[in-house]
Amino acid sequence: MEPVVLHVADYLALLNEVLHDRVPSNEILIEGEVSDYRVAQQKWVSFDLKDEKAEAVLKCFATVWQIGTPIEDGMRVHVKGFPKMYERFGTLKLNVQSIEPIGEGALKRAYDLLKKKLEVEGLFDVSRKRTLPRFPKKIGLITSRDAAAYGDFLRIVNNRWGGIEIDHAHVHVQGREAVPEILGAFRHFNALPLEERPDAIVLTRGGGGLEDLHAFNDEQVARAVYQSIIPVVVAVGHERDESLADYVADIRASTPSNAAERVVPSRADVKYEIDMMLTHNEQRLQFVMDEYRTAAEKIATRVGHILERERERLVMINARLHDRAERWLPLLRESVESSARMLRQVDPTRILARGYAIVRIGGEVVKDASLLAIGREVAIQLGAGAVDAEVLRVNGKGKQKLV
Amino acid sequence: MTKKQSPVDFAKSFEELEKITQWFDSEEHLDLDKGLKQFERGLELASMLKEKLSEVENKVVEIKKRFED
């Protein structure tokens, strides 16, 4: 058989065709350790996949968008991809479709790297954390109905509070379907019209290792929590467990039960608070009423004092008056009696009794005879009795004496 | 949505009660008339709230949709 002559490019094309047709790339996960991991122009990723034992090396190529999880040298990974001969370099490279860290150590490193990345981006910023309404009407619950977390959460909610609606989105919390389902649930709640939207979303599951928690450490889930317009409570497993979704959540609850405690208040607490407010109001009102009463009493007391003082003053004045009168009365009596004596001495009747008479005209005492007119009637008062007379002569002049 | 909605909005009533309590605290010299009115309103709110507190059931609605990408 004559050998076929091929140009290099054609030969490589043939190789690629064979590699594509004969290697079942979709069904193979290549396990190895990453080394010489590089990113060029923030787009192109290249690394070597090594086999420690056999000293074998596979060159790998990818874009940053194909690498979901942060990768670092030394990580053990599972890689899926197509082998391809690159003409210009004459090398065979694996065109990577997906890469996943394996084993706790690699997962932990991947987790730490993603955590760092999200932290730098500000997804964990405390300043963006929202508070939940104190009395929610509706809660969106994202978890598996088969998980213990589901029962725990509902039990505690029912113990604490009543009259609300819990919309449950059943999702896988681990395994292949977990991430797309959780993302779908977030989309569902956030797409609801405002009046149907829950007041809070609770994303929860029981505890587990890093491998179990992968969905809660997934970058897309972390971003969905970050982007949710509804405040999110994340609760994973037991106290010690942590996940990236935890860090992004508005509220990080330690357990599913704790998540219930964080989203609904306790009846007993609220009842106590209501009673406290009532008591407080009553005390304030009582205080005000007491104030008014005290003021009224004060006024009454003051008025009483004034009245009392006035009464005392009156008594005193009265006493003083009495006192004065006691001292003044004898003097007064004495003076009245001496006046009476004097008056008695000048009493005209006593003079009249000695033979004098008082002549009056029209009640006026006449002291000068020349003032009298002849024929005028005069009244003469004597010591005893009185006579009326007519003036005949004044100082020798007038009517002739008849005799 | 399907459940009969209680006419009392718990959050709003609670807030109103808190406002009344604040009012009692903030006024230096309370008007007795207004104080009495506020106190009565507080009592009314508290009794509505407590009645609501006695509701024990919560409604769980399963979302029928499948959540996938």
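This is a predicted model: local features need pLDDT of at least 70, side-chain atom pairs count only at pLDDT 80 or more; totals for chains, interfaces and linings use all residues.
**Entry 1: the contact between the chains**

I began with the extent of the contact. Chain A contributes 46 residues and chain B contributes 42 residues. The two chains bury about 3800 Å² between them, and 61% of that is on carbon and sulfur atoms. I then looked up the polar side of the contact and found 19 residue pairs in polar contact between chain A and chain B, both residues at pLDDT 80 or more. On chain A, the elements that each supply at least two residues to the side touching chain B are α3 (148-160), β7 (165-170), α4 (178-191) and α8 (267-345). Of the residues on this side, 17 come from α8(A), which gives the most. By residue class, the side of chain A that touches chain B has 21 nonpolar, 16 charged and nine polar residues.

**Entry 2: a strand pair across the chains**

Next I checked for strand pairing between the chains. β7(A) is joined to strand β1 (residues 59-62) of chain B by four bridges, and the two run parallel. I noted one position in this pair: Val60(B) in β1(B) stands opposite Ile166(A).

**Entry 3: chain B**

I listed the secondary structure of chain B as two helices and one strand. From the N terminus on, the order is α-α-β. Chain B has 69 residues, of which 32% count as buried. Among the contacts in chain B with a separation of 6 or more, 61% are between residues 24 or more positions apart.

**Entry 4: strands within chain A**

I followed strand β5 (residues 91-101) of chain A to its partners. With strand β3 (residues 56-63) of chain A, β5(A) pairs in the parallel sense over three bridges. Here I recorded Lys93(A) in β5(A) as the bridge partner of Lys59(A). With strand β4 (residues 76-86) of chain A, β5(A) runs antiparallel and is joined by ten bridges. In this pair Leu94(A) of β5(A) is the bridge partner of Pro83(A). The hairpin of β4(A) and β5(A) has four residues between the strands, and Gly90(A) there takes a positive phi near 65°.

**Entry 5: salt bridges**

I counted 26 salt bridges over all chains; three of these are between chain A and chain B.

I looked up Arg134(A) and Glu273(A), whose side chains meet at 2.7 Å, N to O.

The next pair was Lys137(A) and Asp9(B), at 3.5 Å, N to O. Lys137(A) lies in the loop between α2 and β6 of chain A and Asp9(B) in the segment before α1 (10-26) of chain B, so the pair joins two chains. I have Asp9(B) down as partly exposed, at a relative accessible area of 22%.

Glu55(B) is partly exposed at 24% relative accessibility, whereas Lys52(B) is buried with a relative accessible area of 16%.

My last item was a network of salt bridges that links Lys117(A), Glu121(A), Glu219(A) and Arg223(A).

Methods. Residues are numbered from 1 along each chain as its sequence is written. Chains are lettered from A and ligands numbered from 1 in the order in which they are written. Side-chain values use heavy atoms; hydrogens and water are left out. Contact means heavy atoms within 4.5 Å. Buried area is the accessible area (1.4 Å probe) that two parts lose on being put together, summed over both. A salt bridge is a side-chain nitrogen of Lys or Arg within 4 Å of a carboxyl oxygen of Asp or Glu. A polar contact is a pair of N or O atoms within 3.5 Å; within protein, one must be able to donate a hydrogen and the other to accept it, and residues adjacent in sequence count only if both atoms are side-chain atoms. Ala, Val, Leu, Ile, Met, Phe, Trp, Tyr, Cys and Pro count as nonpolar, Asp, Glu, Lys and Arg as charged, and the others, Gly among them, as polar. Two strands pair if DSSP finds at least two bridges between them. Buried means under 20% relative accessible area, exposed over 50%, partly exposed in between (1.4 Å probe, protein chains only).
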